[in-house]
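Subject: Structure handover

Hello,

I am handing this structure over to you. Please open it and keep it in view while you read the notes below.

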Amino acid sequence: MSSPEQQPAPPLATAPDTSRGTAEGPALAPAGVLPALPDHPPAASASRWSRLSRGAVLAIGACLGAAVVGACWTGVSLAGGNGTHAAAGASASPSVSTERTEEVEGPFSTDGTLTVAGIGAGLDPEELCSGTGGYSDIDFGTQVNVTDAAGTLVAVGSLGFGQKTELGCEFPFTVDDVTPGSKFYEVEVSHRGGLTQTEDELRAGGLAFTLGD
C-alpha cells in the first residue's frame, strides 16, 4: 500500500512589520517600547537675560560690581575715620583740658612801670636815675606788693633800675607767681598806697603808674 502523501506544513505566520507606515495609517511603535523623554522640560518662555546682548550683560555686571565695591569702601572709610577721630579726641582732650586749667587756675605774672615825675633834671635820656627828695624811697630794689580783695599778700616783686625819660625817672617792675581767683587786686610800691587792678588787667601786663606832678 502506498503511504499517504504528506502535505507540506503551512508557513509560520509572521508579525506584520509595523515600523513602517502604510497607506492606511502611520507606523506604530513596537509594543513595550516607550519613546525617550527629554532630560529637562523645555522652557515655557525665553529668559529675559537671553534677550540682552552680551555687551549689555557685561555692562550691567560691571555697574553692579562697582556699586558693591564703592559701598564696601564707604563703610570701611566711615568706620576707620570715626575710630581715628575718636582716638585722636580721646588722646588730645586731656592735654588740652590740662593746659586750659593751668592757664586759668595757675599762678601768673604781671609787669609795668612806675614813673616819678619831675625828677632827673639835667640827665640825658635813658641815663640811670633815682627818686630824690620826698621820693627817695623809690629806687632800684624797692618792693612791689600785690594783695587780693581780702587784703592778703599774694605776690611780691621789685623795681628795676630807673632811667631818665621826658616825664621824669621811670622804673620797670615785674611780679611773678600772682595767685589767681580774686575779684580785684591792689598793686603797691613801697608805702605809696595801692592801685586797684582786675585779674585780666594784671594778666595783660604793661601797667603804668605815676607819682608826682
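What follows is a short account of what was found, from the whole chain down to single residues.

Please note that this is a predicted model.

**The chain as a whole**

The protein chain has three helices and nine strands. Read from the N terminus, the order is α-α-β-β-β-β-β-β-β-β-α-β. The chain has 213 residues, and 20% of them count as buried. Its accessible surface is about 15,600 Å². Carbon and sulfur atoms account for 59% of that surface. Now take the contacts between residues at least 6 apart in sequence: 60% of these join residues at least 24 apart.

**The disulfide**

The count is one disulfide. It is formed by C129 and C169, with 1.8 Å between their sulfur atoms. The link of C129 and C169 is right-handed, with 100° about the S-S bond. Which parts of the chain does the pair tie together? C129 belongs to strand 2 (residues 128-129) and C169 to strand 6 (residues 168-178), so the link joins parts that are 40 residues apart in sequence. A disulfide is a covalent bond between two cysteine sulfur atoms.

Are the two cysteines buried or exposed? The cut-off for buried is under 20% relative accessible area. C129 has 9% relative accessibility, so C129 counts as buried. C169 has 0%, so C169 counts as buried too.

**Strand pairing**

Start with strand 3 (residues 143-147) and strand 4 (residues 153-159). They pair antiparallel, over five bridges. One of the bridge partners to look at is A155 in strand 4, which pairs with V146. Strand 3 and strand 4 form a hairpin with five residues between the strands. In this hairpin, G151 takes a positive phi near 85°.

Strand 4 is also joined to strand 6. These two run antiparallel, with three bridges. Here G157 stands opposite V175 in strand 6.

**The nonpolar core**

The largest nonpolar core has 23 residues. Which residues have the most contacts inside it? They are I138, V146, L159, V178 and L202. Strand 6 gives the most, with five residues. As a general point, nonpolar side chains in soluble globular proteins tend to be buried together.

V146 is then in contact with T152, L153, V154, A155, V175, V178, Y185, E186, V187 and L202. That list includes A155, the bridge partner of V146, as well as V178 and L202 from the core residues named above.

**A serine in a loop**

Where is it? S182 lies in the loop between strand 6 and strand 7. Is S182 buried or exposed? Its relative accessibility is 15%, so S182 counts as buried. The side chain of S182 reaches the backbone nitrogen of A149 at 3.0 Å. Leaving aside neighbours within four places in sequence, S182 is in contact with D148, A149 and E199.

For a first pass through the model, I would go in this order: the C129 and C169 link, the hairpin of strand 3 and strand 4, the contacts of V146, and then S182 in its loop.

Best wishes

How values were computed: Residues numbered from 1 in each chain as written. Predicted model: local features only at pLDDT ≥ 70, side-chain atom pairs only at ≥ 80, totals over all residues. Heavy atoms only, no water. Disulfide = S-S within 2.5 Å. Helix = DSSP H or I, 4+ residues; strand = E, 2+ residues; numbered from the N terminus. Buried < 20%, exposed > 50% of the residue type's maximum accessible area, 1.4 Å probe, protein only. Pairing = 2+ DSSP bridges. Core = buried A, V, L, I, M, F, W, Y, C linked by side-chain atoms within 4.5 Å. Contact = heavy atoms within 4.5 Å. Polar contact = N/O pair within 3.5 Å; in protein donor to acceptor, adjacent residues only side chain to side chain. Areas by Shrake-Rupley, 256 points an atom, 1.4 Å probe, with all protein chains shown as cover.
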